[in-house]
Amino acid sequence: MSGKNKFGFEPIAPTPAKRSRDRAPGPMGAAVRDAAESLTEATEAKVEARRQNAADAKAYRAAQEDGRLLMALPLVEIATDDLPRDRIALEEVARSDEMEELKASIGLRGQKEPIEVYTDARGRYQLKKGWRRLTALRQLLDETGDTRFGEVIARLETGAANRLERYVDMVEENVVREDLTFAEMAQVAITAAADPGVEGQGADALVNRLYGALHKMKRSYIRSFVTLLEELGEDLRFPKSVSRNLGVEVVRAIKAGQSIDSLRAALGGCATPEDQEVVLQDFISASGGGKPVAKRAGKKEKFEFRVGASKVTARRGECRIVSQKDFTSVPRDRLERAILAFEAALEEEGNPRVTSL
């Protein structure tokens, strides 16, 4: 039988199954695809980096506006002649044991706390807070010549702070640390009241503004010392040594009408804080309005001198030696012999004998 149909066509042979095409990319395709993927990843990374940079820039501007940025400034660029300091007898503070301790700490560990500065009308950096740290660095630079002490870490004031706010900022740190005497706090109020940039307020009124964080009783004591300093002026040669109770009693006598003419004359002849205290006690006794104030318990008297390159500070129960020598490098037995010789010399009468080490 013929395989043709009535139209004369033969049956169509079945189409063989097609094999799936191998779609694995060739070398060129693979390279193109890798390049495209790398480009996509790089683009996403750049977009993320731009977002992060924008966030960092925003955070930087916010920190700058808030005065939270620190900078390293050369010591020679910091001036201290615009804002009066909140301490009396700065030269004495600069030579104190506490200053030596601060210098030793900075020498070993570096400056840990920044100072604060602002720019004056001439564009100079002026010190607002951190006089002791700045002074310690200046002394270390002079004594050692080490350039690492030639810069100070500082925080720059931003915004338009007024003059009174700068006084508040200056005293705030020391008041919190209870590092100022009542006489020093009173002096700040007196100085601020005399400042042309602080108008319309007397020293007594400024006490509340400057020391608003303190208890009202402490502010009352400060106002008493304002009166004391204003009444006695430069005749009171050792204001820092006047105790709280003694100062308050003297002011009470003054307000009761006791004449201060003889007091000022007597104070002018005082050569020591102890002489001054006696005169003030006599003034209180003569006024009849109060009783003598007991001396502060535990008050430490001291004197200082130098032996060679060492500075010696003597107090009751304490003798301190400050030297460039590294005492930790001296063997313990040698130190013990030195201390025994020192104690033996103190016990001797007449001229002490120096024991050879």
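A surface patch here is built from residues with over 30% relative accessible area and no salt bridge, with nonpolar side chains joined within 5 Å. Keep that in mind for the first stop. The model is predicted.

**Stop 1: the nonpolar patch.** Select Phe303, Phe305 and Val307. Together these residues make a nonpolar surface patch of about 300 Å². Now show strand E6, residues 302-307. Val307 has its place in this strand.

**Stop 2: H7 against H8.** Select helix H7, residues 203-210, and helix H8, residues 216-232. Their axes come within 9 Å and cross at roughly 145°. The crossing is right-handed. Show side chains next. From H7, pick Ala203, Asp204, Val207 and Asn208. They meet Arg219, Ile222, Arg223, Val226 and Glu230 in H8.

**Stop 3: H8 against H9.** On the H8 side, the contact is made by Tyr221, Ser224, Phe225, Thr227, Leu228 and Glu231. On the H9 side, select Arg244, Gly247, Val248, Val250, Val251, Ile254 and Lys255.

**Stop 4: H10 against H11.** Move on to helix H10, residues 261-268, and helix H11, residues 273-287. They pack at an angle of about 165°, and their axes are 9 Å apart. H10 is therefore roughly antiparallel to H11, as angles over 145 degrees count as such. H10 passes H11 in a right-handed crossing. Select Leu263, Ala266 and Leu267 in H10. Their partners in H11 are Gln276, Val279, Leu280 and Phe283.

**Stop 5: a salt bridge.** How many salt bridges does the count come to? The answer is 19. Pick one of them, between the side chains of Arg163 and Asp82, at 2.8 Å from N to O. Arg163 lies in helix H5, residues 163-176, while Asp82 sits in the loop between strand E2 (78-79) and helix H2 (90-94), so the pair ties together parts that are 81 residues apart in sequence.

Definitions and conventions. Residues numbered from 1 in each chain as written. Predicted model: local features only at pLDDT ≥ 70, side-chain atom pairs only at ≥ 80, totals over all residues. Heavy atoms only, no water. Patch = residues over 30% accessible without salt bridge, like charges linked within 9 Å, V, L, I, M, F, W, Y side chains within 5 Å. Areas by Shrake-Rupley, 256 points an atom, 1.4 Å probe, with all protein chains shown as cover. Salt bridge = Lys/Arg side-chain N within 4 Å of Asp/Glu carboxyl O. Helix = DSSP H or I, 4+ residues; strand = E, 2+ residues; numbered from the N terminus. Axes fitted to C-alpha atoms, helices over the stretch in contact; angles between N-to-C directions. Parallel < 35°, antiparallel > 145°, perpendicular 65-115°, else oblique. Left-handed = near helix turned anticlockwise from the far one by under 90°. Contact = heavy atoms within 4.5 Å.
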